[in-house]
Amino acid sequence: MPTRRNVFLFYKPTMELEEKITPLKALAKEHNFHIVNDYRQANIIVSIGGDGAFLQALRKTEFQEDCLYLGINTGDHLGFYTDFSINDINAITEAMKNEQVEVRKNPTIMVSVNDEKPFYCFNECSIRSNVIRTFVIDVFIDDMYFETFRGDGLVVSTPTGSTAYNKSLGGAIVDPRLKGIQLTEIASLNNNEFRTLGAPLILSGESTLTLKVVQDGNDYPIIGADNEALSIRHCHDIKIQLAEKQIKMLKLKDNSFFQRVQKTFL
Ligand code: NAP
Ligand code: MN
């Protein structure tokens with residue numbers, strides 16, 4: 001990383017964290033890195049926190065394709081996006097020195113509501129009813145009408161996001177090297193009137209999913225972009241596809257996706 005020297009640190013500034021970050025800043029300085037206050041001047045973005053903080057770091061820095069993202073965990077449990085621990089700064093320096101690190105590219109999905117400017121998601125985009133009633137969505141795959149969903153909502157996840165919300169919904173864990181998107185249902189109603197596939201559906205990276213909210217007084221669903229809720233009034237249709245944009249992440253070499261799956265769930 002000889003040409004990448006400008007580092008932006010993303011974290012929630014608490015007294016406790018500031019104290020832990022001080023040695024990290026000193027270390028960065030010692031190795032000729034510059035801490036910048038504006039992420040637009042950075043070529044390395046470091047999130048300090050858990051996976052949730054990493055997702056926020058991506059959103060608040062607008063998914064920079066040219067930057068290298070790095071996740072440093074503050075808790076004791078292992079994260080999916082955080083390979084390093086704030087309590088073990090030596091390990092970070094050692095890993096860098098001994099080239100135990102590598103850059104991996106992770107897919108994102110692109111979502112556009114009512115044909116407006118698209119936004120990106122790293123884990124998933126979820127669409128849920130904002131009222132206690134079920135709501136109805138017509139699902140189209142590449143403009144082909146596929147099914148009418150009635151229930152609590154739908155989740156469309158990336159391969160790396162497949163271990164998050166998607167997993168709780170009985171979706172499949174997907175190897176991030178596969179380019180695709182997954183659609184999972186949240187409590188679908190299945191009866192003689194409404195019938196859905198009732199199984200997670202994995203689509204190729206070339207497919208576009210269109211979700212049309214049936215306008216029966218519930219055109220104000222909650223749209224979740226990873227860990228942020230977007231309030232979009234009069235939401236008619238939502239188009240979701242795999243984006244060209246990929247996020248570069250600095251990872252430990254000996255911590256593959258399936259090693260993390262094993263450590264986290266087995
Ligand atoms: P949160 O409600 O604080 O935590 C959700 C949990 O999921 C945390 O333990 C988080 O790790 C973990 N997580 C996040 N991304 C993951 C991934 N790709 N693979 C495995 N675990 C992951 O919310 P948050 O921390 O801001 O994370 C937002 C994510 O929560 C959403 O993108 C969604 O996937 C997930 N979520 C899950 C459910 C569900 O399972 N029923 C419902 C809503 C949202 P950390 O503790 O390290 O942050
Ligand atoms: Mn969290």
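A polar contact is a pair of N or O atoms within 3.5 Å; within protein, one must be able to donate a hydrogen and the other to accept it, and residues adjacent in sequence count only if both atoms are side-chain atoms. By that rule, 9 residue pairs are in polar contact across the interface of domain 1 and domain 2, both residues being at pLDDT 80 or more. This is a predicted model.

**Overall form**

The chain holds 5 helices and 16 strands. Its C-alpha atoms fill a box of roughly 65 × 35 × 35 Å along the principal axes. The radius of gyration is 20 Å; a compact globule of 266 residues would have one near 18 Å, so the chain agrees with that expectation.

**Two domains**

Domain 1 spans 6-99, and domain 2 spans 108-245. Their centres, taken over C-alpha atoms, lie 31 Å apart. To the contact, domain 1 gives 12 residues and domain 2 gives 14.

**The interface**

The size of an interface is often given as the accessible area lost when the parts come together. Here the two domains bury about 1,100 Å² between them. Carbon and sulfur atoms carry 53% of that area. On the side of domain 1, R59, F63 and Y81 lose the most area to domain 2, together 51% of what that side buries.

There are 2 salt bridges between the domains. R59 also forms a salt bridge with D226, with the closest N and O atoms 3.0 Å apart.

The side of domain 1 that touches domain 2 divides as follows.

| Class of residue | Count in domain 1 |
|---|---|
| Nonpolar | 6 residues |
| Polar | 2 residues |

Key. Residues are numbered from 1 along each chain as its sequence is written. Chains are lettered from A and ligands numbered from 1 in the order in which they are written. This is a predicted model: local features need pLDDT of at least 70, side-chain atom pairs count only at pLDDT 80 or more; totals for chains, interfaces and linings use all residues. Side-chain values use heavy atoms; hydrogens and water are left out. Domain bounds come from an automatic or database domain assignment. Contact means heavy atoms within 4.5 Å. Buried area is the accessible area (1.4 Å probe) that two parts lose on being put together, summed over both. A salt bridge is a side-chain nitrogen of Lys or Arg within 4 Å of a carboxyl oxygen of Asp or Glu. Ala, Val, Leu, Ile, Met, Phe, Trp, Tyr, Cys and Pro count as nonpolar, Asp, Glu, Lys and Arg as charged, and the others, Gly among them, as polar. Helices (H or I, at least four residues) and strands (E, at least two) are DSSP runs, numbered from the N terminus. The radius of gyration is taken over C-alpha atoms; the globule rule is 2.2 Å times the number of residues to the power 0.38.
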